[in-house]
Amino acid sequence: MSESLQIDILTLHPDMLVGPLQSSILGRAQKSKLLQVGLHNLRDEGIGRYKQVDDTPYGGGCGMVLRIDVIDAMLQKVRRPQ
């Protein structure tokens, strides 16, 4: 029997991915234990009272960028030994 593939997805909206990941080929692969998908909410590692995950871009400009310290904390949380 082959090993299963483990995929971890870091996102701000894990609930939006549940449906698509349980449908079609991805859903069948999970049911047959060929694929394991972990959905991880970046807000779980957010900073401060409001679980902030973004900040203004360095040097100014429009929009927001994800904070690298939040992403790093989540990666450390989900990382498995190889």
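Is Asp-8 buried, partly exposed or exposed? Asp-8 is partly exposed, its relative accessible area being 26%. The model discussed here is predicted.

**Salt bridge Arg-80 to Asp-8**
- Side chains of opposite charge can pair when their charged atoms come close.
- Asp-8 pairs with Arg-80 in a salt bridge whose closest N and O atoms lie 2.7 Å apart.
- Asp-8 belongs to strand E1 (residues 5-11) and Arg-80 to the segment after helix H3 (68-78), so the bridge ties together parts that are 72 residues apart in sequence.
- Arg-80 is partly exposed, at a relative accessible area of 43%.

**Salt bridge Lys-77 to Glu-45**
- Lys-77 and Glu-45 form a salt bridge through their side chains, with an N to O distance of 3.4 Å.
- This pair also links distant parts of the chain: Lys-77 sits in helix H3, while Glu-45 sits in the loop between strand E2 (35-41) and strand E3 (54-55), 32 residues apart.
- Lys-77 counts as exposed because its relative accessibility is 51% and the cut-off for exposed is over 50%.
- Glu-45 is partly exposed, with a relative accessible area of 23%.

**Salt bridge Asp-69 to Arg-67**
- Between Asp-69 and Arg-67 there is a salt bridge, the closest N and O atoms being 2.7 Å apart.
- Asp-69 has a relative accessibility of 36% and counts as partly exposed.

**Surroundings of Leu-12**
- Leu-12 is located in the loop between E1 and helix H1 (15-22).
- The relative accessible area of Leu-12 is 29%, which makes this residue partly exposed.
- Leaving aside residues up to four places away in sequence, Leu-12 touches Asn-41, Leu-42, Arg-43, Val-53 and Leu-66.
- Leu-12 and Asp-69 are 57 residues apart along the chain, and their C-alpha atoms are separated by 15 Å.

**Packing of H1 and H2**
- Two packed helices are described by the angle between their axes and the distance between the axes.
- For H1 and helix H2 (residues 24-31), the angle is about 80° and the axes are 5 Å apart.
- H1 and H2 are therefore roughly perpendicular to each other, since angles of 65 to 115 degrees count as such.
- On the H1 side the contact involves Pro-20, Leu-21 and Gln-22, which meet Ser-24, Leu-26, Gly-27 and Gln-30 of H2.
- The residues of this contact divide into 3 nonpolar and 4 polar, with no charged ones.

Technical notes. Residues are numbered from 1 along each chain as its sequence is written. This is a predicted model: local features need pLDDT of at least 70, side-chain atom pairs count only at pLDDT 80 or more; totals for chains, interfaces and linings use all residues. Side-chain values use heavy atoms; hydrogens and water are left out. A salt bridge is a side-chain nitrogen of Lys or Arg within 4 Å of a carboxyl oxygen of Asp or Glu. Helices (H or I, at least four residues) and strands (E, at least two) are DSSP runs, numbered from the N terminus. Buried means under 20% relative accessible area, exposed over 50%, partly exposed in between (1.4 Å probe, protein chains only). Contact means heavy atoms within 4.5 Å. Axes are lines fitted to C-alpha atoms, for helices over the stretch in contact, and angles run from 0 to 180 degrees between N-to-C directions. Angles under 35 degrees count as roughly parallel, over 145 as roughly antiparallel, 65 to 115 as roughly perpendicular and the rest as oblique. Ala, Val, Leu, Ile, Met, Phe, Trp, Tyr, Cys and Pro count as nonpolar, Asp, Glu, Lys and Arg as charged, and the others, Gly among them, as polar.
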